[in-house]
Amino acid sequence: MPEDFPNYVDVDYTDGEGEDPENYASIEHKIEKAIDVTRQGLEEYENPAVMWTGGKDSTLTLYFIKEVAEKYDLPTPTAVFIDHFQHFDEIHDFVAKWEDEWDLDVVYASNDDVGEYAEANDLSPGDDIPIDALNDHNQHHVREILEYEEDSFPFLLDTYVGNHLLKTVALNDTIEELDIDGIISGVRWDEQEARADETFFSPRHDPDIYPPHDRVQPILQFDERAVWDAFWHFVVPDTVEDYPDDGHVPQSDDDLPNGLTQDDIPVSPKYFAGFRSLGSEVSTEKSDEEPAWLQDLEDTTERAGRAQDKEDLMERLRDLGYM
């Protein structure tokens, strides 16, 4: 990590305590706060990075970073994409497209020890991986940190061991390798109960658990509806040539103005197809046939299409460094 971290960082770790999206009543208020937090994140940390999953929340966060970096003449940080080997192909295509379009420096973080074993043994998601086939680093995480006692674990993202090895270990190893002191991420208060008490600047300083760093969280105050409002009235008009300046909310996958197609829009095609949350191809299902933003966002659960065994373990996983 950068020398003397966190002594050189001047942020308020209590900012956002006791708040929820209703404290930021208008979309303009939410955006104003996001810009302020983003600017502090880019200015206070010596080597920040942004988590980018290709999903709506992290792409919205990336948009704020791009805007703030350009306005205040600040460097655009590296984007970290966690490759957990079970993404939808469309997610990889989307990230590659907008990495090039927005001239981003993207680092692909992965737990290659697990991935290479799965590839060498032609494993499918759900197949077992013996613990003793892992390297010492991963065995330490499984036995000493997770205190997992079984002889094997399923090669499946949305499980306790699988999620920790494929995402958290991959992320923490990348933080350490790149000397990252601030991870800017797109988590939201309303998304999960385990995130409801987060603050805009959240310390992760225990070296026994993860490489010391801070989490910078500019869109905590957005709810799902506000995320989509921001996309169709701000992000897309600002970044897509020929999109109406006042925005346009598409009613279907082919309802885009001025001859534009889905490939021109920085919104994953999975959302057009009815998915509201993007996890892995084997454990996430679409919520409806309508595009995500046209669904009943207020009266249904955003992550209903996600495997619930991982959702129920979210608080424990976050204690170990999960987003």
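1. A residue is called buried under 20% relative accessible area, exposed over 50% and partly exposed in between (1.4 Å probe, protein chains only). This is a predicted model in which local features need pLDDT of at least 70 and side-chain atom pairs count only at pLDDT 80 or more, whereas totals for chains, interfaces and linings use all residues. Residues are numbered from 1 along each chain as its sequence is written, and side-chain values use heavy atoms, with hydrogens and water left out.

2. Asp122 has a phi near 55°, a positive value in a residue other than glycine, and lies in the loop between helix 4 (112-120) and strand 4 (128-130); helices (H or I, at least four residues) and strands (E, at least two) are DSSP runs, numbered from the N terminus. With a relative accessible area of 66%, Asp122 is exposed.

3. Asp179, in the loop between helix 6 (160-178) and strand 6 (182-184), likewise has a positive phi near 55°, but at 35% relative accessibility Asp179 counts as partly exposed. Most residues other than glycine have a negative phi, and most peptide bonds are trans.

4. In the segment before helix 1 lies Pro6, which is joined to Phe5 by a cis peptide bond with omega about 5°.
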